[in-house]
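This report goes through one protein chain, from its overall layout to individual side-chain pairs. The sequence and the model are shown first.

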Amino acid sequence: MTTPQETAWLDQEDTDRSQLIRIHRWTVQYVGRGEEADEPPFGYTVGLFGLGHPELVVVGVGPEDAYAMLQRVADLVVDGRDLIPGELVVFPDRPDGLVVEHLPNPAEILFAANRHYRRPDEFSVPAYQLAWAHQDGTHPWDPAYPCDPADCQPRPGTWRA
């Protein structure tokens, strides 16, 4: 149960989010690292579902990187591109790419999107996780990927907010 102050704050957040989506067609919700060490930071779009596309999620990056990645790929969707799981999205100015993967547990993550679309958990807004790939084709969950496992992106469906 929420307090009257929490309800007022949520109402204001809902209003602000709706205005951003009306102006820009989508926005980003960023969630910092959780209190538990195994809760990575993540960001996701809110608004693409209204355009007939799953929302997009990136995990394990700071707010600036999350927004930059989501902006580039969300802009493709706004321009009419339908992403599909397994697709590698590559940009000419970057040596790596983003792999589109089905996110099997969106109700555990997309709280702001589900609130915006008034969707209960059992009918959650769908989402794709964007997993970055190294030039050699390895992903953060591959043993050969060049990063500290504590800072690497987890595989879709293996983490919760």
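## Overall layout

The model is predicted. The protein chain contains three helices and six strands, and along the sequence these follow the pattern α-β-β-β-α-β-β-α-β.

Of the 161 residues in the protein chain, 40% are buried. Among contacts with a separation of 6 or more, 54% are between residues 24 or more positions apart. The accessible surface of the chain is about 9100 Å², and carbon and sulfur atoms account for 53% of that surface.

## Helix 2

Helix 2 covers residues 63-78, 16 residues in total. From first C-alpha to last it reaches 21 Å, close to the 22 Å expected at 1.5 Å a residue. Its buried residues are Ala66, Met69, Leu70, Val73, Ala74 and Val77. These buried residues pack against strand 1 (27-31), strand 2 (42-46), strand 3 (55-59), strand 4 (88-90), strand 5 (97-102) and strand 6 (127-133).

Aspartate 65 is also found in helix 2. Its relative accessible area is 47%, so aspartate 65 is partly exposed. Aspartate 65 and glycine 43 are separated by 22 residues in sequence, and their C-alpha atoms are 9.4 Å apart in space. Just after helix 2, glycine 80 adopts a positive phi of about 105 degrees.

## Strand pairing around strand 5

Strand 5 is paired with both strand 4 and strand 6. The pairing of strand 4 with strand 5 is antiparallel and runs over three bridges; here leucine 88 stands opposite valine 99 in strand 5. Strand 5 and strand 6 are also antiparallel, over six bridges, and glycine 97 stands opposite alanine 133 in strand 6.

How many of the six residues of strand 5 are buried? Five of the six are, so strand 5 is largely enclosed by the rest of the structure.

## Salt bridges

Side chains of opposite charge can pair when their charged atoms come close. With a cut-off of 4 Å between a side-chain nitrogen of Lys or Arg and a carboxyl oxygen of Asp or Glu, the count is three salt bridges.

Two of the bridges involve aspartate 14. In one, the side chain of aspartate 14 meets that of arginine 17 at 3.6 Å, N to O. Both residues lie in helix 1 (residues 4-24), three residues apart, which is about one turn of the helix. Arginine 17 has a relative accessibility of 9% and therefore counts as buried; aspartate 14, at 18%, also counts as buried. In the other bridge, aspartate 14 meets arginine 115 at 2.8 Å, N to O. Because arginine 115 lies in helix 3 and aspartate 14 in helix 1, this pair ties together parts that are 101 residues apart in sequence. Arginine 115 counts as partly exposed, at 35% relative accessibility.

The remaining bridge links arginine 81 and glutamate 87, whose closest N and O atoms are 2.3 Å apart. Arginine 81 is partly exposed at 31% relative accessibility, whereas glutamate 87 counts as buried at 15%. Through shared partners, salt bridges join Asp14, Arg17 and Arg115 into one network.

## Serine 124

Where is serine 124 placed? Serine 124 sits in the loop between helix 3 (111-116) and strand 6.

Leaving aside residues up to four places away in sequence, serine 124 touches Pro106, Ala107, Asn114 and Arg119. For alanine 107, a polar atom of the serine 124 side chain lies 3.3 Å from the backbone nitrogen of alanine 107.

Terms used. Residues are numbered from 1 along each chain as its sequence is written. This is a predicted model: local features need pLDDT of at least 70, side-chain atom pairs count only at pLDDT 80 or more; totals for chains, interfaces and linings use all residues. Side-chain values use heavy atoms; hydrogens and water are left out. Helices (H or I, at least four residues) and strands (E, at least two) are DSSP runs, numbered from the N terminus. The expected span of a helix is 1.5 Å times one less than its number of residues. Buried means under 20% relative accessible area, exposed over 50%, partly exposed in between (1.4 Å probe, protein chains only). Contact means heavy atoms within 4.5 Å. A polar contact is a pair of N or O atoms within 3.5 Å; within protein, one must be able to donate a hydrogen and the other to accept it, and residues adjacent in sequence count only if both atoms are side-chain atoms. Two strands pair if DSSP finds at least two bridges between them. Accessible areas come from the Shrake-Rupley method with a 1.4 Å probe; for residues, only the protein chains shown count as cover.
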